[in-house]
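Hello,

Here is the structure I promised to pass on to you. Have a look at it first, and then read on for what turned up in it.

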Amino acid sequence: MSTINLPLNLTVRVHPVVLFQIVDAYERRNNDSERVIGTLLGSTDKGVVEVTNCFCLPHKEHTDQVEAELGYATDLYELNQRVNASENVVGWWATGQEVTNHSSVIHEYYARECTNPIHLTLDTSLTGARMGIKAYVCVSLGVPSGKSGCMFTPINVEVTSYEPEVVGLQLCMKTIGLQTSANRPRTVSPMLDLAQVTEASGKLLTLLGEVLAYVEDVLSEKQQPDNTVGRALLDLIHSVPNMSGDQFAQMFNSNVKDLLMVVTLSQLIKTQLQLNERLTSLTSFLN
């Protein structure tokens, strides 16, 4: 038996916006659709496939064939290229926890769109009270001058996020536990900048308290020291810039002035746009 070697040591990093889009597409599916599929967009670098975007591909699965609107996928990908040219096709996704018989047929199409496409599955049925996520690559198998096939092999997958996405996730987590009612919808609003600084400062003080308690326990021999923790604390101390209180106050005040200037300019632009809109409406009414 001969096997075409593929990079099975790939690591797939999926951003939260991709998972939200897949769940949204699943909730908006047709009543006769058992699962939803779509295209994964992102980049590949040094054995890491980073998935930053995706879109749904309308399709219908029959017993012996799969019908998909490939023209729609091409048009949507070209439109996305105009917005973000760095996002390329890296594979495809499907809802469900298993690889079906039609997966190999769909994978053949994406194999023509990119090199070594990945296949991502998201268990929207919440089997085991959790939304399982898996990633695969397709390995070709066969014998010389004989029949050939393919096998979906699991690869590592993890969820990563940018800093703005972390803020959005933290805001979404605040909706957990809210009781839904007619007078109180299950929604939250973003906090003001000062409130966010206050909350972040409180969390930082809590973490510093835990670190100080650990250091005091080690010094008093109440707890065994950990070399890994010690090196991490040393790196943390070295990362803090060596400056006096006056230098820190000057730097902080300078950054605050820059922030206030940006806020003032944004408010001025907003006022000009509103004024222009009203003048345009008045001119149209007079004409």
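A salt bridge here is a side-chain nitrogen of Lys or Arg within 4 Å of a carboxyl oxygen of Asp or Glu. Before the details, please note that this is a predicted model, in which local features need pLDDT of at least 70 and side-chain atom pairs count only at pLDDT 80 or more, while totals for chains, interfaces and linings use all residues. Residues are numbered from 1 along each chain as its sequence is written, and side-chain values use heavy atoms, with hydrogens and water left out.

Salt bridges first. The count comes to four. One of them joins Glu199 to Lys203, with N and O 3.6 Å apart. Both residues belong to helix H5 (residues 193–219) and lie four residues apart, about one turn of the helix. Helices (H or I, at least four residues) and strands (E, at least two) are DSSP runs, numbered from the N terminus. As for accessibility, buried means under 20% relative accessible area, exposed over 50%, and partly exposed in between (1.4 Å probe, protein chains only). Glu199 is partly exposed at 28%, and Lys203 is partly exposed at 43%.

Another salt bridge pairs Glu61 with Arg35, their closest N and O atoms being 2.7 Å apart. This one links distant parts of the chain, with Glu61 in strand E5 (residues 59–61) and Arg35 in the loop between H1 and strand E3 (37–45), 26 residues apart. Glu61 is partly exposed, at 30% relative accessibility, whereas Arg35 is buried, at 9%.

Now to the interior. A nonpolar core is a set of buried Ala, Val, Leu, Ile, Met, Phe, Trp, Tyr and Cys residues joined through side-chain atoms within 4.5 Å. The largest one has 21 residues, of which Val12, Leu40, Val51, Trp93 and Ile118 touch the most other members. Several elements each supply at least two residues of this core, including strand E2 (11–14), strand E4 (48–57) and strand E7 (88–95). Helix H1 gives the most, with five residues. Apart from this core lies another, of 12 residues, among them Phe55, Leu57, Val89 and Trp92.

Which aromatic rings pair up? Rings of Phe, Tyr and Trp (its six-membered ring) pair if their centres lie within 6.5 Å; planes under 30 degrees apart count as stacked, over 60 as edge-to-face and the rest as tilted. The whole structure holds four such pairs. Trp92 and Tyr110 are stacked, because their ring centres are 6.1 Å apart and their planes meet at 10 degrees. The two are 18 residues apart, Trp92 in strand E7 and Tyr110 in helix H3 (residues 103–113). Both Trp92 and Tyr110 are buried. Phe248 and Phe252 are stacked too, with centres 6.5 Å apart and planes at 20 degrees. They sit four residues apart in helix H7 (residues 245–286), separated by about one helical turn.

Finally, a closer look at H3. Its residues Ser103, Ile106, His107, Tyr109 and Tyr110 are buried.

Enjoy exploring it!

Best wishes
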